[in-house]
Amino acid sequence: MWRYLAGGAAVIALIAAGFMFFSGKARPGPLLPPQPVTQVGSGAVASDPLPDAAPEATDRTREQKRFDRYDKDRDAKITREEYLVQRRKAYARLDVDGDGKLSFDEWAVKATTKFADADRDKSGAMTAPEFATTAVKRKGPARMNCPPAQTVAEES
């Protein structure tokens with residue numbers, strides 16, 4: 001018999017909760033208070049309202065910047081020489097001996113330098129600890145120095 005009473009009480013509680021929920025009296029208010037209006041004539045400086053969205057760089061401006069990097073004489077045209085000068089500078093930096101030919105070792109100068117720096121004992125092979133020094137060092141997000149979190153027992 002007590003099961004029927006408990007079930008009946010639960011049904012009445014659900015009906016009451018549903019009535020309270022759907023009555024519409026618990027509507028959220030505005031999240032932010034209204035902003036004060038500044039008057040121009042009262043000595044306060046009225047600022048321009050902020051735009052709805054932040055301006056974004058368009059593909060045109062990015063492409064224009066790229067174009068301007070190549071167009072050295074600013075004649076709104078990129079000649080073959082202007083286009084290839086970037087490639088020539090990069091090639092000249094890699095061609096260490098200046099013979100006009102790029103060997104594999106010259107091309108892989110960064111990798112060979114990294115290997116030589118990591119091979120501390122100059123054995124021609126890297127051990128596991130030496131190899132660990134070649135890992136790429138990634139820049140992570142800036143970490144803030146926050147105080148340690150307090151536990152519930154410390155707050156009481």
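## Loops, bridges and rings

Arg74 counts as exposed, because its relative accessibility is 55%. The model described here is predicted.

**Two residues in one loop**

Start with the place of Arg74. This residue is found in the loop between helix H2, residues 59-70, and helix H3, residues 80-94.

Ala76 lies in the loop between H2 and H3. What is the phi of Ala76 near? It is near 65°, a positive value in a residue other than glycine. Is Ala76 buried or exposed? Ala76 counts as exposed, because its relative accessibility is 60%. The cut-off for exposed is over 50%.

**Charged partners**

How many salt bridges does the structure hold? It holds two.

One joins the side chains of Arg66 and Glu63, at 2.8 Å from N to O. Where do these two residues sit? They are in helix H2, three residues apart, so about one helical turn separates them. Arg66 is partly exposed, with a relative accessible area of 39%. Glu63 is partly exposed too, at 43% relative accessibility.

Glu81 forms a salt bridge with Arg88. Here the closest N and O atoms are 2.9 Å apart. Glu81 has a relative accessible area of 45%, so it is partly exposed. For Arg88 the value is 44%, and this residue is partly exposed as well.

| Residue | Relative accessible area | Class |
|---|---|---|
| Arg66 | 39% | partly exposed |
| Glu63 | 43% | partly exposed |
| Glu81 | 45% | partly exposed |
| Arg88 | 44% | partly exposed |

**Aromatic rings**

Now to the rings. A pair of aromatic rings is described by two things: the distance of the centres and the angle of the planes. A search of the whole structure finds two aromatic pairs.

Tyr70 and Tyr83 form a stacked pair, with 5.5 Å from centre to centre and 25° between the planes. Planes under 30 degrees apart count as stacked. What does this pair tie together? Tyr70 lies in helix H2 and Tyr83 in helix H3, so the pair links parts that are 13 residues apart in sequence. Is Tyr70 buried or exposed? Tyr70 is buried, because its relative accessible area is 15%. The cut-off for buried is under 20%. Tyr83 counts as partly exposed, at 38% relative accessibility.

Phe104 and Trp107 form a tilted pair, because their ring centres are 5.7 Å apart and their planes meet at 45°. Both residues belong to helix H4, residues 104-107. They are three residues apart, so about one helical turn lies between them. Phe104 counts as exposed, at 60% relative accessibility. Trp107 counts as exposed at 55%.

**A charge over a ring**

Return to Tyr83, the stacking partner of Tyr70. Which residue lies over the face of Tyr83? Arg87 does, at 5.0 Å from the ring centre.

Note on methods. Residues are numbered from 1 along each chain as its sequence is written. This is a predicted model: local features need pLDDT of at least 70, side-chain atom pairs count only at pLDDT 80 or more; totals for chains, interfaces and linings use all residues. Side-chain values use heavy atoms; hydrogens and water are left out. Helices (H or I, at least four residues) and strands (E, at least two) are DSSP runs, numbered from the N terminus. Buried means under 20% relative accessible area, exposed over 50%, partly exposed in between (1.4 Å probe, protein chains only). A salt bridge is a side-chain nitrogen of Lys or Arg within 4 Å of a carboxyl oxygen of Asp or Glu. Rings of Phe, Tyr and Trp (its six-membered ring) pair if their centres lie within 6.5 Å; planes under 30 degrees apart count as stacked, over 60 as edge-to-face and the rest as tilted. A charge sits over a ring if NZ of Lys or CZ of Arg is within 6 Å of the ring centre and within 35 degrees of the ring normal.
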